[in-house]
Amino acid sequence: MITFVFKGIIQMQNKTIISDFIRLAPIPVCIIEPNNLKLEAANEQFLDLVNGSHAEILGKHFGNIIGEHVSATLPAFFHQLKAAPGIASLPVQIPALEASIAPFSGYSYFASALEETSGESKIAVWLISKTSGQIEQIDAIVADNLSLGQLEASVKRPGIEYIQMAEENQFNMPGDSLSLKFQAHDREQDEMLESWTELERSREWFKNMVHSSPVAMLITKGEDMVFDVINEPMLNLIGRDASVLGKTWFEAIPELVGQPVVDELFYAYRTGLTHHVPAVGITLVKNGESMLGYYDLTYTPLKENGQVVGLMQTATEVTEYVKSKDKLQKAYEQIRLSKEAAELGTFDMDMVTGRLEWDDRCRLLFGISHSDEVEFERDFLQNLHPEDLDRINSVLAYVFDKQASNGIYDIEYRTIGYEDKRLRWIRAKGQVYFDVHDQPLRFIGSVLDITEQKEDEQRKNDFIGMASHELKTPLTSINAYLQLLQHHANRNQESTMLATIEKSLNQVKRMTRMIDGFLNVSRLESGKIAIDKQAFEITALLKEVREETVALTTGYPVNLSVTDEVMVYADRNKIGQVLQNLLGNAFKYSMPGSEVKMSYLTENDHITISVTDQGIGIKPEHQQKLFERYYRVESNSTISGFGIGLYLCAEIIIRHQGKIWVDSEFGKGSTFSFRLPLN
């Protein structure tokens, strides 16, 4: 492109203005012919998207370039856009144009009409990133610029023109040509006037393009940075109005003095190099209040005859992005510190590919020192304690069933280190995520070394077991003496003595049950309680437990409705203990005479058994903790207990791959239920 200077007046074709504008635009822009939709110009950002050169794409159909079938109505839309009064140069979103091929699928498409000084019309297509947050500004731009109208050129001396001269222009339009006609001296003034007029039209067209841009843009001239052209998005961004035009940067925005962004401004102006500053913090006064924001800034020098005469400045606010990133970084750091303080290890398993990832802490808990890829079978299952392997496999099958577990994973197990052969107790918690077909996709969680805690518990259980055994010996003797006294009192018909002995025997029974409970906890946590599964008919067990419990505790009618016989595969004695405990609690927490109901329901391959009372009920905040060891609801009740009965029930049901829960309304009663697999 050649630019001729004739007696101080710059003469250039209108295509120079178009090409310079789109080249300086901070977003992908192209110019197309509205009738045949062929591309006539594009900037570097657009070329980066298509990964091609000017020669490769110029003259090609727009639809072929973006890889999308373009509707036949698009030319008609462009002609309507050209004919729209007052807004011909404002960007309007192109209807029904949504590219499906990357990278064009990540953009929305806007169009504005351009009228060259020759009267020929073109269409500028703007590509706005869907994630840039700039699309929302377009409606405001259109509304605020309707008053622009058709700018009429006036004849006056030209000021600084915001185009780079020929020797700096890196954008080449095909077919550009200039012919210099040497005119006679007596026509010199007419040519000068015509050049001024043409130049002013180009200037007004350029200003109109800046105003219609959806990106915040500002043109300053001179080293004093005098505001010459500014669009509405930039005014909104800096919190000012159009009165800033004609003022220097520091008159228009005095709070910039002393801020680092000033150095960036002068660097771009004095070096003549395009300068991009990402996520720079700037404090602006908006509505009388100082506000810190973060902005992506681009400074593009504008040159005349090789000298920098102004700057084109574009800005995008990224405050929310920076704050979100900062919050995310802080949260990540907090999690990292918490994980290190708690000595947690983490695992992440892709259920589709089978790929398993362990962090360093997790590797340590399985006795692995290498950093090679870990495998589920080799590094996890084979390093479990042999006595825990079957149980873990059953739990995993349960966890991977969304309907049964909702993907919740919470378990304790033992590992034997692959390299150090050290036995460790592990507490693992995690979550399985499923696809729309309820198939497991991902399994993530954390592991914690609880070996020391388990060793303490073992020492405590050993003590409880020893103490319980020692207590049972004298308690057995006391029970025998009381039975002997009862025999003599019966023979002598001493009614008062018999009543006293009966009360004493009941207290001995209560004490025996408590001691048995402690012994069972000790055996359970020592792994000495075995689950002996056999096939049996469960309705017979329900009747048996009901009769035994009612015989021991009078005054509570128990309603049991038996329909079909149901065969289950479980430990009959252990399930009997669970039923006895649930019935005993129903009696304990209900008023004498209130009914207790036993029921069961078979569904698919499971049976659900429930015990319902009309007792005092349980508050919601206590319901999830009832099955924890030694947990008792704090109340003014004098009901005795150590909080081990429901814990034992839960452990027995879990060892049957079942589930136990409570539904209760405070003051109205409770329903305790457990579910067992039939097979």
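**A residue in a helix**

Glu 544 lies in helix H18 (residues 538-552). Helices (H or I, at least four residues) and strands (E, at least two) are DSSP runs, numbered from the N terminus. The model is predicted, so local features need pLDDT of at least 70 and side-chain atom pairs pLDDT 80 or more, while totals for chains, interfaces and linings use all residues. Residues are numbered from 1 along each chain as its sequence is written, and side-chain values use heavy atoms, without hydrogens and water.

Task: state how exposed Glu 544 is, and how far it lies from Gly 576 in sequence and in space.

Solution. Start with the surface. The relative accessible area of Glu 544 is 33%, which makes this residue partly exposed (buried is under 20%, exposed over 50%, partly exposed in between; 1.4 Å probe, protein chains only). Then take the distance. Glu 544 and Gly 576 are separated by 32 residues in sequence, and their C-alpha atoms lie 8.8 Å apart.

**A sheet and its edges**

Task: find which strands stand at the edges of the open sheet of 5 strands, then describe the pairing of strands E5, E6 and E7.

Solution. Write down the order, which is E4-E3-E7-E6-E5, with antiparallel pairing. Strand E4 (39-42) and strand E5 (92-93) each have a single partner strand, so they are the edges and one side of each has no neighbour in the sheet.

Next, go through the pairs (two strands pair if DSSP finds at least two bridges between them). E5 is joined to E6 by 2 bridges, antiparallel, and Val 92 stands opposite Ala 111 in E6. Strand E6 (residues 107-115) and strand E7 (residues 121-129) also run antiparallel, with 9 bridges. Phe 110 has Trp 126 in E7 as its bridge partner, and Ser 112 has Ala 124.

Finally, check the burial of E6. Of its 9 residues, 8 are buried, so E6 is largely enclosed by the rest of the structure.

**Cavities and their linings**

Solution. A cavity is a set of points on a 1 Å grid over the protein atoms alone where a 1.4 Å probe fits but cannot get out, and lining residues have an atom within 4 Å of a point.

Take the largest cavity. By class, the lining has 14 nonpolar residues, 2 polar and no charged.

Now the second largest cavity, with about 130 Å³. Its lining has 13 residues, with Phe 347, Trp 358, Phe 376, Phe 380 and Phe 443 nearest the centre. Among the elements that supply at least two residues are strand E13 (344-350), helix H13 (376-380) and strand E17 (440-449). The lining is made up of 13 nonpolar residues, with no polar and no charged ones.

**Aromatic rings**

Task: how are the rings of Phe 77 and Phe 78 arranged, and which residues form one aromatic cluster?

Solution. The structure holds 15 aromatic pairs. In the pair of Phe 77 and Phe 78, the ring centres are 5.8 Å apart and the planes stand at 50°, so the pair is tilted (rings of Phe, Tyr and Trp, its six-membered ring, pair if their centres lie within 6.5 Å; planes under 30 degrees apart are stacked, over 60 edge-to-face, the rest tilted). Both Phe 77 and Phe 78 are buried.

The cluster consists of Trp 358, Phe 366, Phe 376, Phe 380 and Tyr 413.

**Positive phi**

Task: where are Ala 279 and Asn 305 placed, and what is the phi of each?

Solution. Most residues other than glycine have a negative phi. Ala 279 has a positive phi of about 50°. This residue lies in strand E10 and is partly exposed at 34% relative accessible area. Asn 305 has a positive phi near 55°. Its place is in the loop between E11 and E12, and at 48% relative accessibility Asn 305 counts as partly exposed.

Task: which residue of the hairpin of E15 and E16 takes a positive phi?

Solution. Strand E16 (residues 423-434) runs antiparallel to E15, with 9 bridges between them. Ile 416 is opposite Leu 423 in E16. The hairpin has 6 residues between the strands, and Lys 421 takes the positive phi, near 60°.

How values were computed. Nonpolar A, V, L, I, M, F, W, Y, C, P; charged D, E, K, R; others polar. 1 Å grid on protein atoms, 1.4 Å probe; cavity = no way out; pocket = protein on both sides within 12 Å on 5 of 7 lines; lining within 4 Å. Points joined across faces, edges and corners; volume = space filled by probe spheres on them.
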